[in-house]
Amino acid sequence: MNSPFYRQHWQRISLPLLEQFQTELWVCHLHCLVPAIAGNKWLKLKYHIQHIQQYEKTGILTFGGAFSNHLAAVAAAGKAFGFQTHAIVRHDSVVTNPTLAACQAHDMQLSFVNRQVYRQRQQPEYLATLQQQFPNWLIVPEGGTSALGLQGVAELQLAQTPNGPAKLICCATGSGGTVAGLALGHPHLPVLGVSVVQDPGLAAQITALVPQQHNWQLLPDCSGCRYGRFDQATLGLCLELSRQNLPLEPVYTGKAFRTLLQQLEQQQIAPGQRIVFFHTGGLQGLDGLQQQQLISSEQYQQLKSAELRLWHQFGERLTEEIPLRPTDA
Ligand SMILES: Cc1ncc(COP(=O)(O)O)c(C=O)c1O
């Protein structure tokens, strides 16, 4: 594959609220030739992939829920880079859905486990047993959040927007690797992670990942909805922004974006600043939301078409290359 693999794009957002608070808001997108590894996925995976190539590992074994963007990304990366993939999927019964179908289409093997077993995913004894079953495989934690994952995220440079230096970075947060990596890579900038999971241990987990960093903050998503669910205001914002060709989904990026705007409105964030919102991807999740009838097919079409229009708009204005070796397959 000769063409560059991944590129960084900037998109300026205009909204009356931003004008009112004299705030410049830039969204940073990472565009991959393999769409499932757009956003934070490529950053979190790239050093895992390099490790596999360097140590000639068989593949990646990892963990995720039945609609996991991370699993979709690992499966697509395995196909693109020519390594095997196996997922331990949290679910009470064997299911299929668009995410898992895409994983299987990329030859990922799936093992379904119930919540009780899944809870052991960080326990050394459980991991040792898995490693025995998969001797030459690299075990990657849920969400790709590991030292290697952080290393990739920390390389992303968000401090300089096309219009000047940023004062704040914001992103959606699940397992914490992205916010930790961004804090590591931008030690002089505050990084705001909007948590879309109800995990009381998340802040401690991030602290354990980056004990030296004190430039990050975690906020709960303002909708208060549990993980995987969302309210109409969040979906409404995603639909509104799709008209500006900003493709969001309401489970991660939509919640984070809305929380950021609410923080501005409530003046928890000072007006007159230049802010960067890192788009962490996850648009494959829209397929599952439509399948579960959490969004209508019209809403799905509207959100998806924003994604297509955005990539069309960016066209050839591309800025970065990744040196790893994808297969030609
Ligand atoms: C779309 C999207 N945004 C944000 C996140 C959160 O990233 P992290 O798990 O690194 O906190 C995820 C999960 O990886 C995700 O899929």
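Predicted model: local features only at pLDDT ≥ 70, side-chain atom pairs only at ≥ 80, totals over all residues.
Six strands make up an open sheet in the order β1-β2-β12-β9-β10-β11, and the pairing is mixed. The edges are held by β1 (6-13) and β11 (216-220); each has a single partner strand, so one side of each is left without a neighbour in the sheet. From one strand to the next, the twist averages 25°.

Strand β2 spans residues 24-32 and is mostly covered, as 8 of its 9 residues are buried. On to β12, the sense is parallel: 5 bridges join β2 to β12. Val27 stands opposite Phe277 in β12, while Cys28 has Phe278 in β12 as its bridge partner.

Strand β12 (residues 274-278) is also joined to strand β9 (residues 168-173), with which it runs parallel, by 3 bridges. Here Ile169 finds its bridge partner in Val276 of β12, and Cys170 stands opposite Phe277 in β12. How much of β12 is buried? The count is 5 of the 5 residues, so the strand is largely enclosed by the rest of the structure. In a regular strand, side chains alternate between the two faces of the sheet. In β12, Arg274, Val276 and Phe278 point one way, whereas Ile275 and Phe277 point the other way, and all are buried. The buried residues of β12 thus include a charged residue type, Arg274.

Burial is a feature of one of the helices as well. Helix α8 (residues 177-185) has 8 of its 9 residues buried, so α8 is largely enclosed by the rest of the structure. The buried residues in α8 are Gly177, Thr178, Val179, Ala180, Gly181, Leu182, Ala183 and Gly185.

A helix pair comes next. Two packed helices are described by the angle between their axes and the distance between the axes. For helix α10 (residues 232-242) and helix α11 (residues 253-265), the axes come within 9 Å and cross at roughly 95°. The two helices, α10 and α11, are therefore roughly perpendicular to each other. On the α10 side, the contact is made by Ala233, Thr234, Leu237, Cys238 and Leu241, and on the α11 side by Gly254, Lys255, Phe257, Arg258 and Leu261. By residue class, the contact of α10 with α11 comprises 6 nonpolar, 2 polar and 2 charged residues.

Tyr227 belongs to the loop between β11 and α10 and Tyr252 to the loop between α10 and α11, so the pair ties together parts that are 25 residues apart in sequence. Are these two tyrosines buried or partly exposed? Tyr227 counts as partly exposed, at 32% relative accessibility. Tyr252 also counts as partly exposed, with a relative accessibility of 21%; the cut-off matters here, because buried means under 20%.

Finally, a loop residue deserves a look. Asp107 is located in the loop between α4 (98-105) and β5 (109-113). With a relative accessible area of 47%, Asp107 is partly exposed. Leaving aside residues up to four places away in sequence, Asp107 touches Lys79 and Thr85. Asp107 and Pro220 are separated by 113 residues in sequence and, from C-alpha to C-alpha, by 36 Å in space.

Key. Residues numbered from 1 in each chain as written. Heavy atoms only, no water. Axes fitted to C-alpha atoms, helices over the stretch in contact; angles between N-to-C directions. Helix = DSSP H or I, 4+ residues; strand = E, 2+ residues; numbered from the N terminus. Parallel < 35°, antiparallel > 145°, perpendicular 65-115°, else oblique. Contact = heavy atoms within 4.5 Å. Pairing = 2+ DSSP bridges. Buried < 20%, exposed > 50% of the residue type's maximum accessible area, 1.4 Å probe, protein only.
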